[in-house]
Every structure is written in C-alpha cells, then in structure tokens.
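Trainee: I would be grateful for a close look at one part of this assembly, namely the way its chains meet. Please take me through it in a connected account.

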Amino acid sequence: MNAGTSAAGTLPAAHAAGTAAPAAASAAAASALEAAWLALLRDVQLAFRRRAQLVQPLAFFALVTMLFPLAISPELTQLRAVAPGVLWVAELLASLLALEFLFRDDAHDGTLEQYALSGQSLTWLMFAKTAAHWLLTGVPLALMAPLAALSLGVPVTALPGILLAVIVGSVTLSLIGSIGAALTLGLKRSGALLSLLTVPLSLPVLIFGARATQLAINGAPLLAPLELLAALAVLAVTLAPLAASAAVRISLE
Amino acid sequence: MPEATLEVENLHVFRGERHVLRGVQFALAGGEYLEVRGANGAGKTSLLRALCGLIWPEEGQVRWNSINVRADLRAFHSRLAYLGHEPPLKADLSARENLRYWIGVRRRLRSAELDAALERAGAGSWCERLVRTLSAGQRRRVALAGLALLAVPLWLLDEPATHLDADGQQLVSALIGEQLARGGLVVAAVHQSLPAAAPQLRTLELPA
Amino acid sequence: MRAFLDMGGYAAFVWPAYAVTFAVVVLNVVWARRALARARASARRRLSARSEGP
Amino acid sequence: MSWTWFHRLASPPYVYAFAARLTPWFAWPAALCILGGLWGGLVLAPPDYQQGDGFRILYVHAPSAWMSLMVYTTMAIAAAVGLIWRIKVAHAVAASCAPIGASFTFAALVTGALWGEPMWGTYWEWDPRLTSELVLLFLYLGYMGLRAGIEDTQRADRASAVLAVVGVVNVPIIHYSVVWWNSLHQAPSVMRLAKPTMPPSMLVPLLLMLLGFTLYFVAVLLVRLRGEVLGRERTASWIREVVSA
C-alpha cells in the first residue's frame with residue numbers, strides 16, 4: 001500500500017490527509033435548498049455556454065407567429081381575432097421544442113444518476129432543473145409574446161395582461177413538460193411521443209391562457225382566467241416534480 | 001468513521017429477459033475491499049447498480065449496518081459514492097466547476113479542499129479547462145478527485161482504472177488504500193486486478 | 001320489421017353506431033384471446049430455450 | 001395486520017388460475033345483460049318525443065363513454081397500486097386496460113358523431129363531452145405509445161403507471177376547463193340526455209347496457225390479464241403446467 005501512496009503523492013502528504021481523512025466528521029451535508037440552488041445554477045451556467053440552444057425556441061416561436069399572417073391574411077383586424085390562439089399555440093409548440101434538452105444530456109453523462117444517488121431529495125432537484133429550464137426558455141418566450149402580439153395587431157394596452165398570462169401559463173407548461181421529458185428518457189426516439197404525452201395535459205393552460213389574452217385584447221378585466229392559470233401553476237408546482245422524479249428514477253432502473 | 005458493514009443476501013437481478021445475477025451473496029466490513037470480476041456481460045455493472053439501489057432486485061436484499069437499504073434509501077445514498085463507466089462530468093464546464101456542482105449538491109465544500117483534491121489527482125494544472133478538451137484519462141482523474149471529496153464510507157466503483165496510465169492506476173490504488181485505512185468499504189468491478197491491491201482484498205467472480 | 005329497420009328515418013345513423021360499437025365489442029374479445037395465445041406461445045418458447053440452454 | 005391473503009391473491013399462479021375460472025362468470029351475465037338491453041332499447045323503449053328513434057344511439061354511446069372513463073380510472077388505480085406496492089399483477093391489470101379503454105373511447109367518439117349529424121346537423125361539434133372524449137383518446141394513445149416505446153417490461157410498467165396517475169389527476173381538470181371553455185363560446189348543447197325524468201321503459205335498458213358492458217369489461221380484462229401475467233413471469237415452474245395443458 002505504501003508504494004501506491006508514494007507513487008500518487010504529487011503533493012505534500014499533510015495536505016492530502018487534510019482533504020480526505022476527517023471526512024465523515026467535517027463534511028456537512030448540503031441542505032435540500034443548497035442542493036437545489038446549485039442544480040439550478042449549474043443548468044443556467046451550462047445554458048450560457050451553449051447560447052445557440054437558448055435561441056432556438058425563440059426563433060421557432062417567431063417563425064410560427066410569422067406563418068399566420070402569411071397563411072391567413074395580412075389584415076390586422078382578422079389577425080387580431082385569431083391572435084390569442086396563435087400566440088398560445090406558438091407558445092405551446094415552442095416550449096415543447098425546448099423540452100427535448102431538459103434531461104437528455106444529464107441522462108447521457110451520468111448527472112441524473114448522481115442526482116438520484118446524492119442522498120438529496122430528487123424531487124427538489126427536479127424542481128430546480130425545471131425552474132432553470134423555465135427561466136431559460138419560459139421567461140424569454142413570455143417576453144417575446146408581447147412583441148409577437150404587436151405584430152398581430154393587438155393594441156398596446158393589452159400587452160401587460162398578455163405578458164402576465166404567458167408568464168404564469170409557462171410555469172405550468174414547463175412543469176408538465178418535465179414529466180413528459182422524464183418519462184420519455186428511456187426511449188431512443190421520443191419527439192412525437194413527447195408531444196403526444198404533454199399536449200393533452202397542457203390543454204387547460206391553453207384554454208385559460210387564450211381566454212385571458214382574448215379578454216386583454218378586448219380591454220376587459222382578465223382576473224378570472226388569470227386566477228385559474230395561477231391555480232394550475234400552483235397545482236403543477238406541488239405535483240409535477242414528484243412525478244418527474246419518479247419518472248427519472250424509473251428511467252435509471 | 002464508525003464501523004460499517006454491507007451485506008448482500010441472495011441477490012437475483014433480471015435485465016429484460018436475462019437473469020444476470022443469480023443469488024449473489026457476500027458480506028463486507030469496514031476496511032475491506034471487494035473486487036468483482038467477470039467477463040463482459042457477466043453482470044458487474046448490474047451488481048453495482050443493484051447495490052446502490054438504482055435497480056430493484058427481483059429477489060434478495062442489500063443491508064447496510066444490518067438494515068435493509070430499502071428502508072431508507074436516501075440515508076443510504078448519503079453514505080455511498082457510485083462511479084459508473086463514464087465520469088459524471090459536463091463537457092461544457094471546467095473540471096473545477098464540475099466538481100464544485102457535483103460534490104456541492106451533496107456536501108458543503110470549501111474551495112481549498114477542492115483545490116487540494118484536484119492537485120492530489122494531478123489535475124492542478126489543467127483544472128480550469130473545459131472537460132470537452134480533456135482526455136479520457138484526465139476525466140477519470142477528475143472523477144477520482146470527486147470521489148475523494150465526497151467523504152463517504154462506501155465506494156462503488158465501476159472499472160475505476162480504465163483509461164488511466166500507470167501513474168493514474170497507482171492513484172486509484174492509493175485512494176482505495178486510504179479509504180480502507182479510514183475504515184471505509186470499497187466494491188470495485190474490474191477487468192483485471194488493480195496494481196498493489198490492498199491486503200484486505202477479497203474477490204467475487206461472476207459467472208458468465 | 002321494415003319499420004324497425006328504418007328506425008324512423010334515422011337508420012343511416014342508428015345502425016352504423018350499433019355496428020361500430022359491436023365491432024369494438026367483438027374485436028376486443030378476439031384481440032384478448034389472441035394476446036393470451038401469443039403469451040402462451042412465447043412462454044412455451046422461453047421454456048424450451050431455457051431447458052436446452054446451459 | 002396480516003398481508004398473507006393479499007400476497008396470495010396477487011401471486012401470479014393464483015391470479016392466472018383464478019382469472020381463468022372467473023371469466024365465464026362475467027362473460028355470460030354480460031351477454032345476457034347486453035342482449036336484454038338491446039331488446040329493451042331497440043324494441044321496447046318508445047321513440048323519444050323530440051329525437052324520434054335517433055335517440056336509440058344512446059344505448060351504445062352512453063355505455064361506450066362510460067367504459068372509456070371507467071376503464072381509465074381502473075387503469076390508473078391499478079397503476080398506482082403497482083407503483084406503490086410494486087405488485088406486478090397490478091401492472092398487468094393496468095396494461096390490459098389500455099387497449100380496451102382506447103377502443104371504447106373510439107366507439108364513443110364515432111357514435112357521438114353519428115348522433116350529432118341528425119341532432120346538430122353536423123358530425124363534429126366542439127361540444128364539451130365529445131372534446132373531452134377526444135382528449136381521453138389521446139391520453140390512451142400516449143399511454144400505449146409510451147409502453148410500446150420502452151422495451152423492458154418492468155420499466156414500461158412503471159413509467160406508464162406514472163403517466164396513468166398523472167393523467168387521472170388531469171382528467172377532471174381537462175374536463176372542467178373544456179366545459180368552461182365551451183360555455184363561453186356557445187349555448188348549452190342539445191345533447192341533454194341523462195334526463196332524470198326518463199321513463200323506466202327507456203331507463204331500464206340503459207342501465208342493463210351499462211351493467212352488461214361493465215361485466216363484459218371484467219371478462220375481457222381477465223383474459224388479457226392472463227396473457228400479461230404469463231409474459232411477466234420468468235422463473236416459475238407453474239408456467240410449465242399452464243403452457244403444456
């Protein structure tokens with residue numbers, strides 16, 4: 001054994017002992033919140049190392065909204081009538097597109113495995129990952145929604161309401177998406193199935209979101225659908241990470 | 001580190017239709033090192049994954065300090081470190097950042113500790129480089145630095161010495177030796193025995 | 001009888017609806033039996049493979 | 001508390017044999033109920049005062065729609081049991097449910113459309129019931145797609161079980177959001193059928209059909225269940241007896 005130690009000892013022995021020996025005694029476990037915070041930071045930092053991937057859903061969103069004037073008519077009154085639907089369908093599709101990246105890399109490089117074996121609550125870690133995903137794709141998409149709305153002839157007064165609705169709605173979309181992405185982890189090709197799993201579950205968001213947008217465009221109070229959107233978000237925050245972590249564990253089996 | 005034991009009783013594991021592990025059985029106490037050998041496909045990885053609770057065995061159980069690990073899987077996980085085939089590193093983060101996140105999720109980490117561990121693994125000079133620019137052996141060294149930092153009593157290592165040069169293999173042996181000296185337990189799946197393996201070496205041969 | 005088959009002028013809707021539903025009813029029985037037969041066949045195959053194998 | 005009865009009940013050989021023995025006890029009453037319901041619905045029940053004989057589609061549409069929901073609920077409960085207690089037989093039940101439920105959801109959609117044409121003048125109306133039914137079909141398809149996509153049976157069982165549980169939590173939410181959405185866009189639909197004032201001559205055949213379809217579901221489920229149980233069993237010697245018989 002001595003031979004081994006000396007061969008590898010490229011630094012003072014005392015130093016080495018300092019790192020390893022007191023081990024169990026001094027190594028304070030990270031709390032669930034610290035762990036979740038680090039998981040979130042890691043994903044944010046990684047995303048900024050690969051900015052191209054961040055831009056893709058945004059470009060896709062812009063592209064889809066551009067299709068409608070071309071396909072329907074350039075007349076703003078007509079576009080305004082379909083604007084809520086266009087915005088929310090584009091939002092739903094763009095967030096679906098972004099989901100592909102949510103767990104895939106982590107599954108490949110063993111990060112998910114380490115999360116599952118970290119002794120931390122996997123539910124919290126999944127929540128953190130989804131939160132990061134929402135910050136990186138949901139929020140930018142939400143910020144783009146008012147711009148897209150303008151291009152569809154929506155009056156400026158409606159924009160704050162639309163922004164609010166899309167922000168709240170995208171929370172739920174990301175969380176539902178995290179379940180779908182986790183469930184399809186074990187599959188070789190998941191694209192179409194991922195949509196088949198998540199879109200039906202996202203319908204309530206689509207319905208309430210489009211309604212809120214419609215009301216905002218009409219200049220009517222939009223509290224009712226916003227409250228419903230918020231209720232959905234609360235429900236998703238409490239339940240979706242549980243389901244996603246269960247699904248991740250299953251994918252590692 | 002308090003005395004610890006790992007007991008495995010009559011473990012049966014299926015992968016799909018294949019009955020990979022047929023009644024694996026062993027007991028390991030603090031300071032003991034178990035080498036799991038076997039041909040490719042003999043179930044070395046499956047055994048390690050079943051030990052740490054990723055795979056549910058069809059039959060049998062794993063006990064940590066005489067308690068079935070299924071009783072509190074999370075507590076058991078906080079006592080173990082598992083290193084799979086591939087080091088769990090992000091290609092787009094530097095070696096140092098990788099450890100910072102990977103280990104930080106589990107325990108509070110001082111920056112001096114981190115530097116010392118990287119230095120120890122021979123990564124001092126290149127620990128700020130992105131992992132995508134590192135060789136397989138270098139990545140393995142980063143993972144070993146992480147292993148030492150985790151400071152847990154049970155190590156489950158899958159081929160810990162692959163891609164490593166002679167110096168690196170010595171590092172693995174040294175780390176294992178220290179872990180055993182502290183009263184820790186090590187289970188490693190290996191193709192060929194590590195050089196200068198511990199005197200407490202025990203082996204488990206998995207039939208093909 | 002003619003009146004019965006005519007369904008008060010709704011024959012074109014009533015009878016296809018019944019036909020579809022009972023097609024589903026019958027098909028489910030057929031599929032279930034076939035699934036069972038397949039499972040038995042594959043179990044038999046696995047058994048013989050195992051007894052020949054090591 | 002003793003769990004032995006539970007484990008005996010959930011043990012594959014027992015389930016296999018028991019399912020086989022039980023099947024006729026459900027199949028024949030199901031056939032009787034359905035035939036009785038058909039006779040009552042098509043012949044004895046008087047034509048509806050508004051819809052004439054067209055309302056007779058009710059006797060196949062309502063049972064199909066009932067099946068689609070009941071089977072999904074059964075599937076989700078079985079999936080949850082399998083997930084929580086790791087009972088293979090429960091997963092086998094869930095897996096057997098999906099194709100049955102999906103096919104009846106399809107039947108409910110087609111019969112609903114066939115009813116819609118004479119009543120609304122269009123085959124497809126975005127009425128909340130039909131819309132929910134359509135979403136349910138997608139939920140079934142997603143479940144079956146996920147199962148088909150995962151090769152390992154155990155992983156497929158557990159992943160699809162998570163999906164089924166998530167789905168069953170969402171079904172009421174989806175349904176109410178669709179109802180809410182529908183109420184904004186059009187007047188309440190014409191298709192108000194489950195009137196409490198339905199005379200017994202109309203109601204009894206309907207109840208018979210509902211009962212018959214439920215019994216039929218159990219019978220078909222039991223047959224499928226045997227296949228699924230057999231496919232999941234790897235070691236047991238009882239397979240030899242079952243297969244060679």
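**Contacts between the chains**

Mentor: Of the 4 pairs of chains in contact, chains A and B share the most contacts. The model is a predicted one. Two pairs can be set aside at the outset. Chain A and chain C are joined by no contact, and their closest C-alpha atoms lie 24 Å apart. Chain B and chain C are likewise without a contact, although here the closest C-alpha atoms lie 9 Å apart; a contact requires C-beta atoms within 7 Å.

Chain C does meet chain D, in a contact that takes 32 residues from chain D and 27 residues from chain C. On the chain D side, four helices each supply at least two residues: H3 (58–85), H4 (88–120), H7 (200–232) and H8 (238–244). The largest share of that side, 12 residues, comes from H4(D). By residue class, the side of chain D that touches chain C divides into 18 nonpolar, 8 polar and 6 charged residues.

In soluble globular proteins, nonpolar side chains tend to be buried together. Setting aside residues up to four places away in sequence, D:Val162 touches A:Leu183, A:Ala243, A:Ala246, A:Ala247 and A:Ile250 in chain A, and D:Leu83 in chain D.

Chain A also holds helix H8, residues 122–151. At 1.5 Å a residue, the 30 residues of H8(A) should span 44 Å, and the end C-alpha atoms are 42 Å apart, which agrees. After H8(A) comes A:Gly153, which has a positive phi, near 80°.

Chain B, the partner of chain A in the pair that shares the most contacts, contains 6 helices and 9 strands. The radius of gyration of chain B is 17 Å, close to the 17 Å that the globule rule gives for 208 residues, so chain B is as compact as a globular protein of that length. Along the principal axes, the C-alpha atoms of chain B fill a box of roughly 45 × 35 × 35 Å. Of the 208 residues in chain B, 52% are buried. Among the contacts in chain B with a separation of 6 or more, 72% are between residues 24 or more positions apart.

Methods: Residues numbered from 1 in each chain as written. Chains lettered and ligands numbered in written order. Predicted model: local features only at pLDDT ≥ 70, side-chain atom pairs only at ≥ 80, totals over all residues. Contact = placed C-beta atoms within 7 Å. Nonpolar A, V, L, I, M, F, W, Y, C, P; charged D, E, K, R; others polar. Expected span 1.5 Å × (residues − 1). Rg over C-alpha atoms; globule rule 2.2 N^0.38 Å. Buried ≥ 20, exposed ≤ 12 C-beta atoms within 10 Å, placed from the backbone.
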